[in-house]
Amino acid sequence: MSIKRLLAAMTATALLSSAPAFANGIATGKKGLTYHDVFGNNISSILREHGIKLPVLQTRGSIDNLNRVAAGEAEIGFTQADALMYWRSKNTGLQNNIEILGTLGKECAFVAVPEKGPISEEDDLGNKGIRIAVGPVTSGSAASWKYMTQLESDYSTASVFNKGGIRALAGLTTGRYDAFMWVTAEGNMENKYLKTVMKKGSGLKLISLDDYDLNDKLPSGEPVYEFRDVKVAKGFFSDEKIEAPCTDVLVVGNPEADEDTLEAVAEALLTNKNRIMNKN
């Protein structure tokens, strides 16, 4: 082979090796939860009608999804808006690898505490010695807490534990933790943590998370959090509500991913959102 042809072959090989190789999939969350079982499965079904086969990937939550999409390990994924803002602050060199394709309702942050514990209101979260469990490090709830501490510095005095599940919630009754935070879809009164806290005799209660230092804006100019009176239990005369910061669920994609896939997802979010969210 001539030197000229060898150089041409080496150049072509280099170009091929540097081209992004996207994994075919939707980054969602754990099986049994909304991102995987509802949003992921429904978008996958809609895409199949367009001749696009995109498997639903089980992941560790919002931050994991953003990492995968940015790295080309998934074409699209789901994340909370506040988790995206936290991720952007830690990954400034990868921001152009994430494109917001649309939204799927809102998720709200809830904080449970013991009825007779050291926390009676939101301001107490900034007290010295407070111990709060916020879920696994890659979860949306952990990202929410990290982002909130960037906006409200008082929260940074708390000792944070990356523990989740019913065992973490039970830790409020044994004295292991003083608070437990999780994130779930607005209006989802079937959430297992919410149902447990609201059950009579649990020894637990919710506190309003209403610190207006949490005001911040997305790149679009929209607020990251919207403070809402969220229904947490049905009442005989009136429903019980609590004020909670709610943030958009975002569908994100890598702008260098397959164009037909990104177009189909964007179209589904504009015309088929209720189907994706099981609201038909």
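## Terms and model

A residue belongs to the lining of a pocket if it has an atom within 4 Å of one of the pocket's grid points. The model discussed here is predicted.

## The second largest pocket

The second largest pocket holds about 230 Å³ of space. It is lined by 13 residues, and those closest to its centre are F39, A185, E186, M277 and K279. Two elements, α2 and β4, each give two or more residues to this lining. Strand β4 has the largest share, with 4 residues.

By class, the lining of the second largest pocket consists of 6 nonpolar, 3 polar and 4 charged residues.

## The largest pocket

The volume of the largest pocket is about 820 Å³. Its lining comprises 33 residues, of which K30, L33, S139, V183 and Y193 are the closest to the centre. The greatest contribution comes from β7, which gives 6 residues.

Which class do the residues of this lining belong to? The lining of the largest pocket divides into 18 polar, 9 nonpolar and 6 charged residues.

## The cavity

The structure also contains 1 cavity of 30 Å³ or more. The space in the largest cavity amounts to about 40 Å³. Its lining is formed by A109, F110, V111, L206, I207, L209, I242, E243, A244 and P245.

Three strands, β4 (99-114), β8 (204-207) and β10 (240-253), each provide at least two residues of this lining. Strand β10 has the largest share, with 4 residues. In terms of class, the lining of the largest cavity has 9 nonpolar residues, 1 charged residue and no polar residues.

## Aromatic pairs

How many aromatic pairs does a search of the whole structure find? The search finds 10 aromatic pairs. One of them joins Y35 and F78: the ring centres are 5.8 Å apart and the planes stand at 55 degrees, so this pair is classed as tilted. Y35 lies in helix α2 (residues 34-49) and F78 in strand β3 (residues 76-80), so the pair ties together parts that are 43 residues apart in sequence. Y35 and F78 are both buried.

A further pair is formed by W145 and Y155. Their ring centres are 5.1 Å apart and their planes are at 15 degrees, so the pair is stacked; planes count as stacked when they are under 30 degrees apart. W145 belongs to helix α5 (residues 140-151), while Y155 lies in the loop between α5 and β6 (159-161), so the pair ties together parts that are 10 residues apart in sequence. Both W145 and Y155 are buried.

## An aromatic cluster

Ring pairs also link F110, F180, W182 and Y193 into a cluster. F110 is among the residues that line the largest cavity, and Y193 is one of the residues closest to the centre of the largest pocket.

Terms used. Residues numbered from 1 in each chain as written. Predicted model: local features only at pLDDT ≥ 70, side-chain atom pairs only at ≥ 80, totals over all residues. Heavy atoms only, no water. 1 Å grid on protein atoms, 1.4 Å probe; cavity = no way out; pocket = protein on both sides within 12 Å on 5 of 7 lines; lining within 4 Å. Points joined across faces, edges and corners; volume = space filled by probe spheres on them. Nonpolar A, V, L, I, M, F, W, Y, C, P; charged D, E, K, R; others polar. Phe/Tyr/Trp six-rings, centres within 6.5 Å; stacked < 30°, edge-to-face > 60°. Buried < 20%, exposed > 50% of the residue type's maximum accessible area, 1.4 Å probe, protein only.
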